[in-house]
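Hi,

Here is the structure I promised to pass on to you.

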Amino acid sequence: MDTTQQPLEARDLPYDAFAKACPSRGTLEHVTGRWGGLTLGALYEGSLRFNELRRRVDGVSEKMLSQTLQALERDGLVHREAQPTNPPRVDYELTPLGHEVAERLLGLIHFVEGRMDDVLAARERYDVTRGAR
């Protein structure tokens, strides 16, 4: 049996994100955080300049996008290419690992988008039963 099809308990992995000290937790946080996931998803179709990326990831501040890109670059998911032009041109694109991660994230993103009617109905039921304002 392929190890990716085995239950998590049966896998012999060197890392365990459920363990407090596991270094995979930081990467998981970068990938699944609001801005990390959206940034990876936005870069899935090709390279973008910083401002193009900021427009695509609506709502992210310049500071947060910069921090997110640095974290994703450090994790080996994003490649930053600075062109020595005037003004400087910087492009961001996914690495092969980043592309693989983004593909999985986009599957989740599309699934959630496709089930939003169910989510919104559940929220409404919850709010009615809990007396939310």
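To start with the pocket: how many nonpolar, polar and charged residues does the lining of the second largest pocket have? Keep in mind that this is a predicted model. The lining has 10 nonpolar, 6 polar and 5 charged residues. That makes up a lining of 21 residues, and those nearest the centre of the pocket are Gly 37, Leu 38, Gly 41, Leu 106 and Ile 109. The volume of this second largest pocket comes to about 480 Å³. Helix 5 (96–114) and helix 2 each supply at least two residues of its lining, and helix 5 gives the most, with 7 residues.

Helix 2 spans residues 34–43 and also holds Thr 39. Is Thr 39 buried or exposed? Its relative accessible area is 0%, so Thr 39 is buried. Leaving aside residues up to four places away in sequence, Thr 39 touches Leu 53, Val 57, Leu 65, Thr 68, Leu 69 and Leu 72.

Between strand 2 and strand 3 (residues 89–94), the antiparallel pairing runs over 6 bridges. If you want a place to look, find Val 78, which stands opposite Leu 94 in strand 3.

How values were computed:
Residues are numbered from 1 along each chain as its sequence is written. This is a predicted model: local features need pLDDT of at least 70, side-chain atom pairs count only at pLDDT 80 or more; totals for chains, interfaces and linings use all residues. Side-chain values use heavy atoms; hydrogens and water are left out. Two strands pair if DSSP finds at least two bridges between them. Helices (H or I, at least four residues) and strands (E, at least two) are DSSP runs, numbered from the N terminus. Buried means under 20% relative accessible area, exposed over 50%, partly exposed in between (1.4 Å probe, protein chains only). Contact means heavy atoms within 4.5 Å. On a 1 Å grid over the protein atoms alone, a cavity is a set of points where a 1.4 Å probe fits but cannot get out, and a pocket is an open set with protein on both sides within 12 Å along at least five of seven lines; lining residues have an atom within 4 Å of a point. Grid points are joined across faces, edges and corners, and a volume is the space filled by probe spheres set on the points. Ala, Val, Leu, Ile, Met, Phe, Trp, Tyr, Cys and Pro count as nonpolar, Asp, Glu, Lys and Arg as charged, and the others, Gly among them, as polar.
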